[in-house]
Amino acid sequence: MAKPKLFSPGPIDVAPETYAAMCGPTIGHRGADFEELYASVQPGLQEIAGTSRGVFLNTSSAWGIMEGSLRNLTQKKVLNLCGGAFSDKWYGVAKSCGKEAEKIQVEWGQPIDPADVRAKLSEGGFDTVTLVHNETSTGCMNNLAEIAAVVHEFDDVLLITDTVSSFSAVPTPFDELGIDVLLCGVQKALALPPGLSLFVASERAQARAATTPDRGYYFDFVEFQTNHEKNNTPSTPAIPHIYGLKERVDVMLAEGLENRYARHAATNQALLDWAAGHGFESLAPEGFRSKSLGCFVTPDDLDLSGWIKAVRNNHGFLINGGYGKIKGKTFRISNMGNETLETMQELFVALDEELPKFRK
């Protein structure tokens, strides 16, 4: 059976042109060829991230940077903002790293209330906050600007932000918002295969890391900065991914970032309209819904697994049957990356053809 086209929220579909770009020649990663490649992606990544600072590249999933951020920056106590599988897991990771941690826990699918963040930080003792901007497991997008503004009210508290499924789909202006660490993986809106992560660290974050004695090595922010200044990485990089990243960044800039954001907004609205037309309820409330995917409550009269299987087998498209504790209770459909109104319509036709067979 041919592999299906992925409309799951990561990994997502990868364009043939990207695969072709990844087949560039193997080069030495401590020589001029790699330094030129590394430097070539920086201006575009800086434009997408909204920063004048360097964008570090690392051969790992985003979880490497999520854990590394805690190891580099948390010297006192971290406040984890939890409302889904990935934001909840960050609290567990903090504990596993031996960090003192507390959390604000909201029901899955609900946004974080900035007022609750302010109240908790006012208790004192915290020096870091973790936020998942766009919670992929629930399709809920938190208000990054408002939460960042609250964290800024507390001088010694640094904000670590996961933009894994929002980076390049919506604006995430690092410098303007005063984020301290912005991180993402490449297998979501950037539309690359998994295996590479990106992050930006503020001057405050770098200064904090330099005074943290047990920050480790592989994700040491000081090492990243030192090597970045030489257009390099601390450890052996995934060179094929960086070739592919360069191709994707060039495509994004050619499209224009505002056009890209508008395209994601349009495809997401089409997805929400299609779902509403079938009576599928979004898990996240209006005003806090992701622009890169939809997460919908599975109605009692729907054989979800049968429907997903039929769409895959008969049409070659794969959507996702929920994640974590809401697996089966929800389903998720991605519109991020390279999707257009035309490709989303192709999916809707396939979903509609099979749906009546699996509704009781």
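Me: Where is Gln187 found?
Reply: Gln187 sits in the loop between strand 9 (181–185) and strand 10. Strands here are DSSP runs of E with at least two residues, while helices are runs of H or I with at least four, numbered from the N terminus. This is a predicted model, where local features need pLDDT of at least 70, side-chain atom pairs count only at pLDDT 80 or more, and totals for chains, interfaces and linings use all residues. Residues are numbered from 1 along each chain as its sequence is written, and side-chain values use heavy atoms, leaving out hydrogens and water.

Me: Why is Gln187 called buried?
Reply: Buried means under 20% relative accessible area, exposed over 50%, and partly exposed in between (1.4 Å probe, protein chains only). Gln187 has 15%, so it is buried.

Me: What does Gln187 touch?
Reply: Leaving aside residues up to four places away in sequence, Gln187 touches Gly10, Pro11, Ile12, Leu192, Pro193 and Pro194. Contact means heavy atoms within 4.5 Å.

Me: Why are helix 12 and helix 13 called oblique to each other?
Reply: Helix 12 (residues 304–315) and helix 13 (residues 341–354) pack at about 120 degrees, with axes 9 Å apart. Axes are lines fitted to C-alpha atoms, for helices over the stretch in contact, and angles run from 0 to 180 degrees between N-to-C directions. Under 35 degrees counts as roughly parallel, over 145 as roughly antiparallel, 65 to 115 as roughly perpendicular and the rest as oblique. The two helices are therefore oblique.

Me: Which residues in helix 12 meet helix 13?
Reply: They are Trp307, Ala310, Val311, Asn314 and His315, and they meet Ala350, Leu351, Glu353 and Glu354 in helix 13.
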